[in-house]
Amino acid sequence: MSLVRSALPTALRDRTGDWTSDDLERLFAHLAHAGHAALDRLSADRLLDVWSDTVRQFQRGSRSEQESLRAGLAESCGLSAAALDAALEVVLEGVAEPHAKRLLTSAKRAEVDGVAWVVLAGNIPGLAVQALLPALAVGRPVLIKSSSAEPHFAPAFVTALGEREPGLRDAVAALAWRGGDSNLDAAAARHATRMVAFGGAEAIAELGAHAAASETRFVAYGPKLSVALVDAGVDPEAIAPGLAEDVARFDQRGCLSVQVVFTAGDAHALAKAVGEALRETAERWPAGALDPATAVQIHRLRTTTALAGGEVLDLPLRTGTVVVQSPDAAGPGPGGRTVRIHPVDTLRDALGALAPWRGHLQGAALAGPGAWALADALTDLGVSRTAPPGALQRAEASWANGGLDPTAPFL
Amino acid sequence: MAKERKAAIERTPVDPLEDGGKDADSSDIVARITRLVARGMGAIDEPMFSAAAREAFAFQCRHIPALRDLCRARGLDPASWRHWTEIPPIPAAAFAAVPLHAAPAREVFRSSGTTDDQRSIHHHPFPHLYRTVIDVSFPYHCLPAERREAPGTPMLSLIPDRRFAPDSSLAFMVDHVLDHFGAASSAYAFGEHGVEAADANAWCRARMDEGTAPMILATAFALAQWLEALEAKGETLSLPAGATIFETGGFKGRVRSIVRAELLRRIDRSLGVPPDRVVREYGMTELSSQLYSRNLRGGDGERLVPPPWARVQIVDHETLTALPAGHTGLIAVLDLANVGSVLHVLTEDLGRVSPEDPEAIELLGRADGATLRGCSLVVEALAFRTRE
């Protein structure tokens, strides 16, 4: 599977050179007409077969088939090969057959015609499938714009779908163009009926402005914070490996990546156990290179914590960072596999510390009955997913990212 | 327009034996470092430098509990150190988190920042030492030879007057420079809305009429503002031959930035000051000493050197180990004149030791803007939310 940067309908495949807004207009028009017709002809069973088979190819395809794609992905995403495999494992597992079937059978059909423009503004590999499946489930043709920093996965997946079901070539396209190209972004926003974006606050703000100017319905999945709550009496050694995976998978760049842990137990023992688990995880999933900006933030956190009398574990920077701090300091960290552990008298105190982050919370790994007893309260704070440590990142296709039904943005 | 230079600003006493507390401990080490600085720009050999650094750090550990605790927590044994490079660099951002001063502060400087918890606070117990640093290094690098002893250089500051920016260490420095090296005609042209271009232009024209070569002191951002005002009106100034510009600050924290080469071209075009007369200064709130380019002394305008009482390392951003010349890393400065606060500061700036001139470094911008982004809310993303 050689690296491709676009997947286009047959009628537009010969197009060369940089894209213009006129090109986009033609693409959207084709997707809207031919794409709707193709999706109308496609039964749910057939779509499920095609989808599931494609996912299996990406999950279990022979090494040589996937080699160049995975090498390209690892480089563009800045993940080690092993870490990339770990990332793709959960993403693809989440949209594999049983989960895809559940979504496809429960989805309503879109009543309004038109094309969805999905923007992936980040370095999360495989993210395209989380938007593509619900779009197809409601019968919505879609153009996926990959980040210029990760242009490989979406075209490869869309191409593979089209090889199994040629009609899908008219319904789904994947492209990359430089982010912030105002002319193209504005053109896409004008021609799309629905816009969905995943990424950072800055990118989302720019896209939102284009959507507003075009009066295009826009749903944004912005950056989120995920946490863990550990009850008193929970054995730190038992949960540390799972917590370490929740921290380290995607090099902590996912919205379900744990950054903050509240514990009503022994914070020192938990920190030690998590530190050890991060070491072991770093051997299985070596971390990608740290950029200077992230490293600076990590050094800042480590030193200010130590100067303020907090505990800082002695770990190589790339392995991860574990600090123990007062809950007053709870909040987003610098990334790079950094976890802050906050001791609390009772886990209910964690809710107060998290309250300022309402609307920016995504996942919570819960350990112990006292933690699970707070699941509803966490949902009230906007947490969309709870799971035991180690399972947080294994969200399946029906997961309500940001509290929203996955098909809602495409209806 | 020329403002009174002897404004009623309270002056701190200059006697080093009085500054910073009464104990002999601080007086002794501070006096020794003051003498080292006052010796001038002659080199300080490594053994002497390391000895002074060790003693200064020991003094800081005695008087700054947080620093002492840090060493203990990291298992560091300062008594065993032989070389200044063993002193751990402290991130500049730590100044925002914890008070780090070894004696009661006589001046308090705050960095610029969008929110209070982002602003570094340098509690400076020995501002006389800061003044001594300026007295030695500023004329050496920034005044042409014929002006170092001469009565005074007409100076125009596009950096706020200290009366309006009392917690700015740069304003403190410029106030001292104008006071000690500036002619009576020296002035400020920076108000609450930024550069006062009309005043700056009129002041410059007066110098042009006199035929006296001035010095302009400004941040790169203020220079750009002034140049834009001139360019918008299609005006140029031809400052007399010998005019110099002291340029500092860059575009830290600003949305817009300009490549330095472009700035120098515009200065030459609009002010008549060629690039080799633009002295570049690198300093920060968290330090007492500055690095300068040596172009007025025949050196390269893009390479900056520390004074003899400071040392600069370029360190790997992960391991904080020193990098060889030519490799890009974080700038770490060990500044003996920071004896009252933190000796060894890890900046958030990128640089490299010049392969052609290993005593100098080249500045390569801020280490900000993480390159690998995802969907996780991290502190860097918060900065964008704050700016909105």
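Analyst: The contact takes 45 residues from chain A and 36 residues from chain B, where contact means heavy atoms within 4.5 Å. The model is predicted: local features need pLDDT of at least 70, side-chain atom pairs count only at pLDDT 80 or more, and totals for chains, interfaces and linings use all residues. Residues are numbered from 1 along each chain as its sequence is written, chains are lettered from A and ligands numbered from 1 in the order in which they are written, and side-chain values use heavy atoms, with hydrogens and water left out.

Chain A and chain B bury about 3,300 Å² between them. Carbon and sulfur atoms carry 67% of that area. Buried area is the accessible area (1.4 Å probe) that two parts lose on being put together, summed over both.

Next, the charged pairs. Side chains of opposite charge can pair when their charged atoms come close. A salt bridge here is a side-chain nitrogen of Lys or Arg within 4 Å of a carboxyl oxygen of Asp or Glu. The whole structure has 40 salt bridges over all chains. Between chain A and chain B the count is two. Arg300(A) forms a salt bridge with Glu348(B), at 2.7 Å from N to O. Arg300(A) lies in helix α12 (residues 292-307) of chain A and Glu348(B) in strand β15 (residues 344-353) of chain B, so the pair joins two chains. Helices (H or I, at least four residues) and strands (E, at least two) are DSSP runs, numbered from the N terminus. Arg318(A) also forms a salt bridge, with Glu318(B). Its closest N and O atoms are 2.9 Å apart.

Now the helices of chain A. Helix α10 (residues 236-248) and helix α11 (residues 267-284) pack at about 50 degrees, with axes 8 Å apart. Axes are lines fitted to C-alpha atoms, for helices over the stretch in contact, and angles run from 0 to 180 degrees between N-to-C directions. α10(A) and α11(A) are therefore oblique to each other; angles under 35 degrees count as roughly parallel, over 145 as roughly antiparallel, 65 to 115 as roughly perpendicular and the rest as oblique. The residues of this contact divide into 14 nonpolar, one polar and three charged. Among those meeting are Ile239(A) and Leu243(A) in α10(A), and Leu270(A) and Val274(A) in α11(A).

α6(A) and helix α7 (residues 153-164) of chain A cross at roughly 40 degrees, and their axes come within 10 Å. These two helices are therefore oblique as well. In α6(A), Ala128(A), Val129(A), Leu132(A) and Leu136(A) take part. They meet Phe153(A), Ala154(A), Phe157(A), Val158(A) and Leu161(A) in α7(A). That contact has nine nonpolar residues, no polar and no charged. Ala, Val, Leu, Ile, Met, Phe, Trp, Tyr, Cys and Pro count as nonpolar, Asp, Glu, Lys and Arg as charged, and the others, Gly among them, as polar.
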